[in-house]
Amino acid sequence: MSAALETLDRMNTALAQSQNGQLPQSEMIRLWRALAPALALPTRFDEVLHPLLDRIEASVLFSEESCSFSQKDLLSSLQLWADKAQAKLTSP
């Protein structure tokens, strides 16, 4: 497995732990921000990831789902980003 895929796997593990309540979302976000540059993905991935992480960070301020910030939807979007990143990293 390449270093980038190992890094992405670590990011996915943190996401799963956050969704299961084993890791605070703030820690998951910090880890994703720190590790994402190591993936060396095209710029468009950063253009999507960083605003998404900002929205997740803001959603932590709400204890329940709100019309502006659905944590479940945001975390699903983050998983979709990770899936697309994996596809990009594994494509020839």
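**Exercise 1.** In which helix is the place of Ser-77, and is Ser-77 buried, partly exposed or exposed?

*Solution.* This is a predicted model, in which local features need pLDDT of at least 70, side-chain atom pairs count only at pLDDT 80 or more, and totals for chains, interfaces and linings use all residues. Residues are numbered from 1 along each chain as its sequence is written, and side-chain values use heavy atoms, with hydrogens and water left out. Ser-77 lies in helix α4 (residues 71-90). Buried means under 20% relative accessible area, exposed means over 50%, and partly exposed is in between (1.4 Å probe, protein chains only). Ser-77 has 34% relative accessibility and therefore counts as partly exposed.

**Exercise 2.** Find what span the 17 residues of helix α1 should have, and list the buried residues of α1.

*Solution.* The expected span of a helix is 1.5 Å times one less than its number of residues. For helix α1 (residues 3-19) this gives 24 Å, which agrees with its end C-alpha atoms being 24 Å apart. Buried in α1 are Ala-4, Leu-5, Thr-7, Leu-8, Met-11, Asn-12, Ala-14, Leu-15 and Ser-18, and what covers these residues includes α2 and α4.

**Exercise 3.** Describe how α2 and α3 are oriented to each other.

*Solution.* Helix α2 (residues 25-35) and helix α3 (residues 43-59) pack at an angle of about 165°, with their axes 10 Å apart. Angles under 35 degrees count as roughly parallel, over 145 as roughly antiparallel, 65 to 115 as roughly perpendicular and the rest as oblique. Therefore α2 and α3 are roughly antiparallel to each other.

Definitions and conventions:
Axes are lines fitted to C-alpha atoms, for helices over the stretch in contact, and angles run from 0 to 180 degrees between N-to-C directions. Helices (H or I, at least four residues) and strands (E, at least two) are DSSP runs, numbered from the N terminus. Contact means heavy atoms within 4.5 Å.
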